[in-house]
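Hello,

Here is the structure for your files. My notes on the backbone and on one helix pair follow below.

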Amino acid sequence: MINNIKTVFSIKDLENLSGIKAHTIRIWEKRYNILEPMRTDTNIRLYNLQNLQKLLNITLLHEYGYKISKIATYPEEKIPQLVREIISKKNSQNYAITSFKMAMMNFDQEIFFNTFDWLISEKSFKEVFKDHFLPLLKELGLLWQSETITPANEHFMSHLIKQKILIYTESLQILKPSKTNRIFVLSLPLNEIHQIGLLYLQYEILSHGYKTIYLGESMPIENLQDLTKHFENITFISFMTVQPDRSVINQYVKSMGQKLLQKNNEIWLMGNMVEHIDQKTLPERIRIFDSMEETISML
């Protein structure tokens with residue numbers, strides 16, 4: 001069952017998680033004996049969490065110039081020690097994502113918080129999100145699709161990232177908006193539940209001094225229409241990651257325009273599904289954005 005927590009991995013899983021080709025892992029095993037896989041009755045390699053952790057550590061050392069032949073001679077305890085030394089130099093871009101992956105696979109909040117605290121001592125929250133959380137989330141999507149990780153792993157990590165976004169967002173929400181010419185209303189279409197991009201965009205909008213109203217997932221257009229009775233100059237923002245379906249998305253966007261574009265209101269749309277929108281027929285005040293960076297640049 002895909003929903004079971006995963007503690008045993010195939011060599012393909014190791015390839016997906018470490019970025020090291022299965023062929024290379026086999027060579028490292030055969031030549032240097034760096035991992036000790038279990039074997040099925042049909043001689044298929046299987047690996048436990050300890051194997052995975054060791055491979056991720058070895059991968060990091062390899063990226064920092066350590067030769068596999070040299071790593072193979074080290075006693076078991078020296079490998080994590082060398083990794084800690086790399087971390088302490090505060091110069092490892094890749095270490096954080098490797099560490100977050102281990103937190104996810106072990107369901108270990110402490111590793112997540114320690115790694116985040118290390119990053120935030122050196123960088124702004126915007127930098128941490130852009131340099132580490134965003135690449136990690138993209139990778140998690142691919143790992144989930146390939147069934148390398150389970151929904152439990154992905155939900156555990158996503159929740160921790162959401163938690164951090166909300167903490168930093170609250171510190172801005174308590175401030176009085178410095179720009180009052182426009183209000184941003186953020187929501188997701190019906191049956192759309194992928195909130196992290198929208199949550200982070202709220203943080204960016206607040207940091208630019210605007211007021212936001214966050215309505216979250218699966219919001220009917222009719223309910224968004226209610227906001228037009230209370231506010232003027234609204235920019236409605238929606239992330240379309242998997243919804244609406246491509247077969248109905250143009251009708252959905254047309255309905256948004258008819259119901260929400262009173263006065264000077266605008267609609268900003270982004271996410272994977274926007275590529276299926278026919279932009280030739282869009283009203284001027286509906287904008288399609290290809291990336292988070294492009295959206296933020298318009299604030």
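Lys 263 is exposed, with a relative accessible area of 55%; exposed means over 50%, buried under 20% and partly exposed in between, with a 1.4 Å probe and protein chains only. Lys 263 is not a glycine, yet its phi is positive, about 50°. Its place is the loop between α12 and β7 (266-270). Helices (H or I, at least four residues) and strands (E, at least two) are DSSP runs numbered from the N terminus.

This is a predicted model: local features need pLDDT of at least 70, side-chain atom pairs count only at pLDDT 80 or more, and totals for chains, interfaces and linings use all residues. Residues are numbered from 1 along each chain as its sequence is written, and side-chain values use heavy atoms, without hydrogens and water.

Asn 33 also has a positive phi, near 55°. Asn 33 sits in the loop between α2 (22-32) and β2 (38-39) and is exposed, at 51% relative accessible area.

The peptide bond from Gln 243 to Pro 244 is cis, with omega near -5°. Pro 244 belongs to the loop between β6 (234-239) and α12 (249-260).

Helices α9 (151-173) and α10 (196-207) pack at about 20°, axes 9 Å apart; axes are lines fitted to C-alpha atoms over the stretch in contact, and angles run from 0 to 180 degrees between N-to-C directions. The two helices are therefore roughly parallel (under 35 degrees; over 145 is roughly antiparallel, 65 to 115 roughly perpendicular, the rest oblique).

Regards
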